Amino acid sequence: MNDTKLETINYSLYYGKFRALKDISIKIPKNKVTALIGPSGCGKSTFLRSFNRMNDLIPGVHTEGSVLIDGEDIFKVDPVALRQNVGMVFQKPNPFPKSIFENIAYGPRVTGLKDHHKLEEIVERSLRSAALWDEVKDNLGKSGLDLSGGQQQRMCIARALAVEPTVILMDEPAASLDPIATLKIEDLIHELSANYTIVIVTHNMQQAGRVADFTAFFYTDESRTGQLVEFDETKKIFTSPRDRRTEDYITGRFG
Amino acid sequence: MSGRMIADKVVKYILFASAIISIIIVLAIGFFIFRESIDAWTEIGVSEMLFKTVWRPGIDQYGILAMIAGSLSVTFGAILLGVPLALGCAIFLAEIAPEGVQAVVRPAVQLLAGIPSVVYGLFGMVILVPLIRNIDVPGNSGYGLLAASIVLAVMILPTIASIAEDAIRAVPENYRHGSLALGATKWQTITRVILPAGKSGIIAGVILGVGRALGETMAMIMVIGNSAIMPRPLSSNPLTFFLSQARTLTGNIAVEINYATGIHESALFATGVVLFGLIIVVNASARWIIRSQKYVEKAN
């Protein structure tokens, strides 16, 4: 089996008294793509945000159990340092109202890097890794908001890469994109998985099938409490799921 | 046509008329102030009035430059003191304070806007002026730009703070999340993303504060000393500029209009025209900036 990068043990999350996630234990392997799938409201996005502690921003959230990165409890790590190690790409591209260059340089700058040459290097390397360099190299001063939706999303990926994380969380990164832009993002995810541990939430079964090495199926019943039903290699989940609910979901019987 | 549709038409015209009436009132005020000032502009001369510093109606000297300088200086002082305070308030309310604290602080700040001008004046006279008088500089009476700037800073605080808070709140949540997810601290997120993104709204708030400051009358009369002189440093230390007495454009009108006649009265209306012009420029620029902000948001 692969090395484990991220792990949760009996992890539960509450919004006030409402239990949104129940007893989730999972081992997410290193430098692989893991997809989180499941019907709307099953808590997969919430679960994703647990790994960079973005749920901390919501008042009234508390958790039980533990979340580990490289075996270390993330709640004992400073969230600012954690988020430099665990990057995130959001559902809707969210470039800052700044130039392309400044968007990418933002992360390194907040960690204190001032050297312009180094920043230029990082910007180029990050944009190349995100397969965007050739399209924007002559227009780095242009506002990030002027790019197309797909380019904006790749810029947001480049922006996350610039901080040199080891993990990238993606919350339905192609949900607002057209099929061609989606394909580019998927190719990119595939390339990045050589060097990064990627966890991606997706509603799109085919997408999970195309990009993910491993797939976790989340499910919720009337209680609206999300739980992990099944986690395995994507092939197995799609061809021979162990749980009836997984099979119903991936064959499109609900959700 | 049915009765309902007639009623609909009638209401429409009544509302239209209300809008027109308010425009007519503004134009009428502008027109009459300007008409009353024509004698002064023609007999004294435009440049004589705008660029001469001596205002002595007794010997027919009507230069209002000293009052323009007074108004601008006290406004500058109020902005210098008031903007950081207001911005701090706005950031605290929009980004940091938990809801319970907001529920106490926000009404308290808004309450400042409701305190009558004359009460601010009293506060200035009784508290600030005696304190400032303790600064040991010859010619310092306590009344002057410093006292007036402090009073004015507090008076414009609610205007700027509430507009700046709205501007900060209008910054899309995904900028905040994007920045935090990159490992920026809350403070870095505020200074590097949120404030730049809300910049136009904040500047518009400051400009509206300037407009409010230029128009303030009663509190200024009570604490600024009202000497119709160019403000100047009292000693070799340039900071003593703020201990200088001064007179504002508004104060000039309010202090003298009761007994002024003839060309003197007309010169006071001319002071009003200058004030009117300044306020129009200030409001127009605020509008222009707010509109350019809307454009940016749409582009997003």
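Residues are numbered from 1 along each chain as its sequence is written, chains are lettered from A and ligands numbered from 1 in the order in which they are written. In this predicted model, local features need pLDDT of at least 70, side-chain atom pairs count only at pLDDT 80 or more, and totals for chains, interfaces and linings use all residues.

**View 1. Fold of chain A.** Chain A has ten helices and ten strands (DSSP runs numbered from the N terminus: helices are H or I with at least four residues, strands are E with at least two). Its radius of gyration is 18 Å, close to the 18 Å that the globule rule gives for 255 residues, so chain A is as compact as a globular protein of that length (the radius is taken over C-alpha atoms; the rule is 2.2 Å times the number of residues to the power 0.38). The C-alpha trace of chain A spans about 55 × 40 × 35 Å along its principal axes.

**View 2. Helix α3 of chain A.** Nine of the eleven residues of α3(A), residues 100-110, are buried, so this helix is largely enclosed by the rest of the structure (buried: 20 or more other C-beta atoms within 10 Å of the residue's own; exposed: 12 or fewer; partly exposed: in between; C-beta atoms are placed from the backbone). Among the buried residues are I100(A), E102(A), N103(A) and Y106(A). The buried residues pack against α4 (116-129), α5 (133-136) and α6 (149-161) of chain A together with α8 of chain B. G112(A), which follows α3(A), has a positive phi near 105 degrees.

**View 3. The side of chain B that touches chain A.** In this interface, 17 residues of chain B are in contact with 19 residues of chain A (contact: C-beta atoms, placed from the backbone, within 7 Å). On the chain B side, two or more residues each come from α7 (173-181), α8 (186-197) and α12 (262-299). The largest share, six residues, comes from α7(B). The predictor gives the complex an ipTM of 0.91 and a pTM of 0.84.

**View 4. The largest nonpolar core.** This core has 152 residues, and those with the most contacts inside it are I200(A), A147(B), V151(B) and V223(B) (a nonpolar core is a set of buried Ala, Val, Leu, Ile, Met, Phe, Trp, Tyr and Cys residues joined through C-beta atoms within 7 Å). Helix α6 of chain B (residues 145-169) gives the largest share of the core, 18 residues. Not counting residues up to four places away in sequence, V223(B) touches residues including G121(B), M125(B), L128(B), A147(B) and V151(B).

How values were computed. Contact = placed C-beta atoms within 7 Å.
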